[in-house]
Amino acid sequence: MARNDEDYDFFGDGQYDDSRSSRRAQNRRPSRRNAGRRFAATKASSPTSILCRRLAVVSGLLAVVVSATSAVHEIAPYAISFMTAVPGRYIALTAAVLISITLILVIAARVTMPRYATHGGVGAGGIIALVCAIVCLVIGVAMGVLFPEGLIQQSNDKAPVEDTAQMEQGIEQAAGACKEGWQGLDTGGLPGITTVQMCTDPRVAFVSFESESSAAISRAPIESKISELLSQYADNEQTKGDWRLLNGKRWMVFGEGSKMTALQQQWGGELETITAATDTAAANSGNA
């Protein structure tokens, strides 16, 4: 006898329909194709992708470090002492190689992802490091092109310009003891000069200035006066020889070439050869 579903629901309250629907849902089995897709979609990454992603982060961090080193090296060449002997182009080239490796690894991490997996966040650490490394490298290359000698130079001025006694002692260490003692000279009306001291044996003199701007203003007249004196006493055997002028930021020392070279190694500064003024220049100075 066939079963009448309508009559079977004896009470007519829909309970039988609900139970029948629940049994159908339990008996329904997912297909293998749909299950595979859900598994691939929930799979975060493949082992190869994970490896490439981690390597990208490591190489990216190395690229950031080397690129930042390149930027610092070009801006302040003496900031990193052990890198002063390394040419900047080698550092920049190393950074470029690391950036290229990071880029390849990021691409590999994305390519090796499962087909149905999302790519969001894959290689994000490597990408961030890659961008930072590129920015640092661009800054370093730009600084190297615009400022070949570096934007910030090392200060090699070690003269104790604030203390006249220490200036004298430092000069004596390079040129020898002043046998007859140091003598103070007239500043000649030039502004911004702190002191002028001279020693006759060995023959050496130094000038200290109040500021770097004062030194820039008074340096040229002092050099001209020294040249005139060499020309005036050209017949004197003591004036013949290799005379040099050692210039610092707020000081200048005049003496024999070998002694000024030794003083440069101690204090720094720039050496300049001083020669006697020509007769015409000396005559014009005398008429003035």
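Which residues in α5 meet which residues in α6?

Modeller: This is a predicted model, in which local features need pLDDT of at least 70, side-chain atom pairs count only at pLDDT 80 or more, and totals for chains, interfaces and linings use all residues. Residues are numbered from 1 along each chain as its sequence is written, and side-chain values use heavy atoms, with hydrogens and water left out.

From α5, the residues A92, A95, A96, I99, T102, L103, V106 and R110 meet G126, I127, L130, A133, I134 and L137 of α6; contact here means heavy atoms within 4.5 Å. Helices (H or I, at least four residues) and strands (E, at least two) are DSSP runs, numbered from the N terminus. By class, this contact of α5 with α6 has 11 nonpolar, two polar and one charged residues. In that division, Ala, Val, Leu, Ile, Met, Phe, Trp, Tyr, Cys and Pro count as nonpolar, Asp, Glu, Lys and Arg as charged, and the others, Gly among them, as polar.

Two packed helices are described by the angle between their axes and the distance between the axes. Helix α5 covers residues 88–111, and its axis comes within 10 Å of that of α6, the two crossing at roughly 155°. That crossing makes α5 roughly antiparallel to α6. The axes are lines fitted to C-alpha atoms, for helices over the stretch in contact, with angles running from 0 to 180 degrees between N-to-C directions. Angles under 35 degrees count as roughly parallel, over 145 as roughly antiparallel, 65 to 115 as roughly perpendicular and the rest as oblique. The crossing of α5 and α6 is left-handed, the term used if the near helix is turned anticlockwise from the far one by less than a right angle, with right-handed used if clockwise.

Helix α6 (residues 124–146) also packs with helix α4 (residues 47–75), their axes coming within 8 Å and crossing at roughly 20°. With that angle, α4 is roughly parallel to α6. The passage of α4 by α6 is again a left-handed crossing. On the α4 side the contact includes A56, G60, V64, S67, S70, A71 and E74, while among the α6 residues in it are G125, A129, A133, C136, L137, G140 and M143. The residues of this contact divide into 15 nonpolar, seven polar and one charged.

S70 lies in helix α4 and is buried, with a relative accessible area of 2%. Buried means under 20% relative accessible area, exposed over 50%, and partly exposed in between (1.4 Å probe, protein chains only). Not counting residues up to four places away in sequence, S70 touches I91, A92, L137 and G140. I91 is also in contact with M83, a residue of the loop between α4 and α5. M83 is buried too, with a relative accessible area of 15%. Leaving aside neighbours within four places in sequence, M83 has T69 and H73 among its other contacts. From M83 to S70 the C-alpha atoms are 9.8 Å apart in space, the two residues being 13 apart in sequence.

I171 is found in helix α7 (residues 164–175) and is buried at a relative accessible area of 1%. Apart from its neighbours within four places in sequence, I171 is in contact with G176, W182, V204, F206, V253, L263 and W267. Strands count as paired if DSSP finds at least two bridges between them. β5 pairs with β3 in the antiparallel sense over four bridges, and A205 stands opposite F254 in β5. Strand β4 (residues 243–247) and β5 pair in the antiparallel sense over five bridges, with W243 opposite E256. β4 and β5 form a hairpin with three residues between them.

Lastly, the chain as a whole has 10 helices and six strands, and buried residues make up 34% of its 288 residues.
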